[in-house]
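Student: I have a chain open on my screen and would like to go through it with you. Could we begin with the terms and then turn to the details?

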Amino acid sequence: MSRPKRHTALERFYFSGVPLPETSTELCTAHTMPVPGRIAADPMKKELWDFIVADMQNRRCLSTTYLLLITELVEVISMIHECREKISEQGMVTTLFDDEGSFKGEMESPYVKILARQQPILIKILEKIGMSPRDITYLVSPEASSQAPIEAITADLKAISYFRS
């Protein structure tokens with residue numbers, strides 16, 4: 001005879017009949033959204049934070065419940081940006097030398113591995129926040145601003161209907 005299945009804590013809570021606690025999901029404005037200290041200290045991260053928060057306010061989905069997700073999104077995007085800068089400076093391959101200065105070999109740059117780990121995280125965070133490809137265009141285009149409408153820069157982008165609203 002088999003033992004009965006052990007329920008997880010979540011299952012026990014769900015079947016207990018206790019009502020779920022009310023979560024406050026009131027909308028807030030970009031000015032009332034608190035900025036974490038590590039983001040406020042870096043001008044690039046602060047600019048990115050302001051842009052994402054202003055975009056979410058324009059889409060009427062900005063809430064303090066997104067604070068952690070927006071913080072992680074800014075951190076991941078800045079990490080990806082730093083990795084891409086290092087790769088463009090140093091290349092995709094790192095040359096290894098021993099203590100005496102003789103050539104040992106070459107290996108893939110560690111920034112490539114970091115970049116490969118951060119990109120799926122970025123996609124998951126963007127999905128959780130609810131950003132569409134139209135919204136992601138802002139993050140890709142440095143000329144875009146949170147007040148101006150998205151304008152395709154090249155004729156190629158204008159032909160793509162996937163990025164239109």
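Tutor: A definition first: helices (H or I, at least four residues) and strands (E, at least two) are DSSP runs, numbered from the N terminus. Please keep in mind that this is a predicted model.

Student: What is the span of α3 from end to end?

Tutor: Helix α3 covers residues 43-58, and its end C-alpha atoms are 22 Å apart. That agrees with expectation, because 16 residues at 1.5 Å a residue should span 22 Å.

Student: Which residues of α3 are buried?

Tutor: The buried residues in α3 are K45, L48, W49, F51, I52, V53, A54, D55 and M56. As background, an α-helix has 3.6 residues a turn, so residues three or four places apart point the same way.

Student: Stepping back, how many helices and strands are in the chain?

Tutor: The chain has seven helices and two strands. Their order from the N terminus is α-α-α-α-β-β-α-α-α.

Student: How do β1 and β2 pair?

Tutor: Strand β1, residues 93-97, and strand β2, residues 103-108, are antiparallel and share five bridges. T95 stands opposite E106 of β2. The hairpin has five residues between the strands, and G101 in this hairpin takes a positive phi near 95°.

Student: What about aromatic pairs, how many are there?

Tutor: The structure contains one aromatic pair. It is formed by F97 and F103, edge-to-face, with 6.1 Å from centre to centre and 70° between the planes.

Student: Is F103 buried or exposed?

Tutor: F103 counts as exposed, because its relative accessibility is 53% and the cut-off for exposed is over 50%.

Student: New topic: cysteines. How many disulfides does a search of the whole structure find?

Tutor: The search finds zero disulfides.

Student: And why do C61 and C83 count as buried?

Tutor: Buried means under 20% relative accessible area. C61 therefore counts as buried at 19% relative accessibility, and C83 does so at 2%.

How values were computed. Residues are numbered from 1 along each chain as its sequence is written. This is a predicted model: local features need pLDDT of at least 70, side-chain atom pairs count only at pLDDT 80 or more; totals for chains, interfaces and linings use all residues. Side-chain values use heavy atoms; hydrogens and water are left out. Two strands pair if DSSP finds at least two bridges between them. A disulfide is a pair of cysteine sulfur atoms within 2.5 Å. Buried means under 20% relative accessible area, exposed over 50%, partly exposed in between (1.4 Å probe, protein chains only). Rings of Phe, Tyr and Trp (its six-membered ring) pair if their centres lie within 6.5 Å; planes under 30 degrees apart count as stacked, over 60 as edge-to-face and the rest as tilted. The expected span of a helix is 1.5 Å times one less than its number of residues.
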